[in-house]
Amino acid sequence: MSNLEKQKTKSSKETVNYDVVVIGAGFSGLYQLYFLREKLGLNVLVLEAAEGVGGTWYWNRYPGARCDSESHTYCYYFSDEILNEWTWSERYPSQPEILEYLNYCAERLDLKRDICFNQRVSSAHWVESLGKWRVQTKTGLEVLSKYMITAVGCLSTANLPQINGLGTFSGKIYHTGQWPQKSVNFEKKSVILVGTGSTGIQAAPVIAKAAKKLTVLQRTANFSVPARNAPLSDDFKKRFRNEIEFWRKEMLKSRHGHPWTAPPRKLVETDEDERASILNMAWRVGGLRFRESFEDILLDAHSNEIMSEFIRKKISELVRDPETAELLTPRDHPFGTKRPPIDTNYFETYNRENVELVDIRSNPIRKILSNGVELDDNRFIGANVIVFATGFDAMSGSILKLGIQGREKTKLADVWKEGPKTFLGLGVHGFPNMFVITGPGSPSVLTNMPRAIEQNVEWVGDCIKYIEDRGANTIEADKASCERWTKHVTAVAAETLLLNANHSWYLGANIPGKPRVFMPYSAGLNKYRAKCDNVAANAYNGFLIN
Ligand code: NA7
């Protein structure tokens, strides 16, 4: 019986030893396990809080849940076998299909034998005398390992607003990021949906079809572009197989890890007729490509305003009632400065008889009652179900929940009190042999995630190999490198319009009390990769190795 099998069956507290402990079994954790085990021959254990693999795709089972990257790109590219064996069915993969895919990968690569499920990490402490991490889980499992890698995802800690009376509601309350395994029946139900980010925008049309009544409580109107989802044709599926190398190269050279890059043209310099024709064509194609129809959308306020106005006009054409259309029209932030949703019939949903939009910016929720919600002006909205699509404590939230303590019992929460400080998003000073996958300070949420994940995972794997080959004990980000990199992340964002949305979760502004620091690295995945490669090529310059 292996250590892990013993651990799975044991009831008493026991400590097990591994070379590496990886926290999380989503896209990142699965590939990290594969890389370290198969390429480096290390003894790796993955700890996962859920009952199965999938990470964010395990929990986000809400109606309409779908990825906004295109399916033939939202998958692993490290394995030609998997690329050739797996076939996606639609332009954008649905949550069930992604979960099936990740289960398939885990089986195909024989990963599950090294994953301990139902193990939520409660603390992770660096033990100086041992030169190891001691990671404990809520069920009492204790792991000692030389390296610890957090692969906990950027959008995995649900943000459930603490509204007065939340506990008094007698119906059902759901958060989209903690959706139950069993399907939820909305038939004959009056549903309140709070939140109009990517999730609310995906969920509203689907809930509206199933429920008796849907009331959407909107705090901020959002830009959204039609996804134009559709089944993938047999011709595309065949062509894709023959063109894998092409897709790989296109994604590697692009800024966002998608297989396209904005052409070298500025909206502001394009004449009116041509720009209208380009924008209309891009609207018909749909999806995240829309934003990439010009190169200056996030750089030039005037260009952005033209594109924003184009979308506002589309909203006014899609929504029949002019008052509702106006309420749905974003006017407080430039397009793309908050995460841009893509949708299937979102705006059209408000033309349904059973759907109502309520503005809770001018008239906030006062309290939740047993049978509905009361707003500031005393208006009562009855409901049997409340769905919170209120997002996540993004990027840093799930890492801080691990209870990480580094050298001299320094808490990560204290080091990040004024915002996350990392070098390349991968390492933190004072936390030796700890690596963060798609952490704050890396491109992560601004990209097609699997590309950012593969880059991080491979870089960390190569780095560990470097340390092991040299017989070194520790690697740790240098303090000055972390300071410099964190300033650089902010400076790069300041060159764009990204800081113009002062209430985005990129800035942590959705969580009360969270420091307002722009967390993802916005210079582009291609430039980031070059910087990481340069650090590696220069003996991990910026890290201290002992
Ligand atoms: P988001 O993008 O954070 O959206 C959350 C929505 O919930 C947004 O409309 C928020 O309004 C609203 N919200 C948040 N807190 C509250 C409170 N307290 N009261 C009322 N409304 C609130 O999360 P999503 O899940 O939609 O998307 C996250 C990512 O997941 C997405 O980008 C994809 O990558 C997948 P606000 O705009 O803050 O005023």
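## Helix α17

In this predicted model, helix α17 runs over residues 525-537, 13 residues in total. From its first C-alpha to its last, α17 reaches 18 Å, close to the 18 Å expected at 1.5 Å a residue.

Which residues of α17 are buried? They are L525, Y528, R529, C532 and V535.

## Around the ligand

Now for the ligand and its neighbours. There are 20 residues around the ligand, and those that come nearest are T199, R219, T220, K338 and R339.

## Polar contacts and burial

An N or O atom in the side chain of T199 sits 2.5 Å from an oxygen atom of the ligand. For K338, a polar side-chain atom is likewise 2.5 Å from a ligand oxygen. With G197 the backbone takes part: one of its polar backbone atoms is 3.4 Å from an oxygen atom of the ligand.

How much of the ligand's area does the protein bury? Taken alone, the ligand exposes 770 Å², and the protein buries 86% of that.

Technical notes
Residues numbered from 1 in each chain as written. Predicted model: local features only at pLDDT ≥ 70, side-chain atom pairs only at ≥ 80, totals over all residues. Heavy atoms only, no water. Near = heavy atom within 4 Å. Polar contact = N/O pair within 3.5 Å; in protein donor to acceptor, adjacent residues only side chain to side chain. Areas by Shrake-Rupley, 256 points an atom, 1.4 Å probe, with all protein chains shown as cover. Helix = DSSP H or I, 4+ residues; strand = E, 2+ residues; numbered from the N terminus. Expected span 1.5 Å × (residues − 1). Buried < 20%, exposed > 50% of the residue type's maximum accessible area, 1.4 Å probe, protein only.
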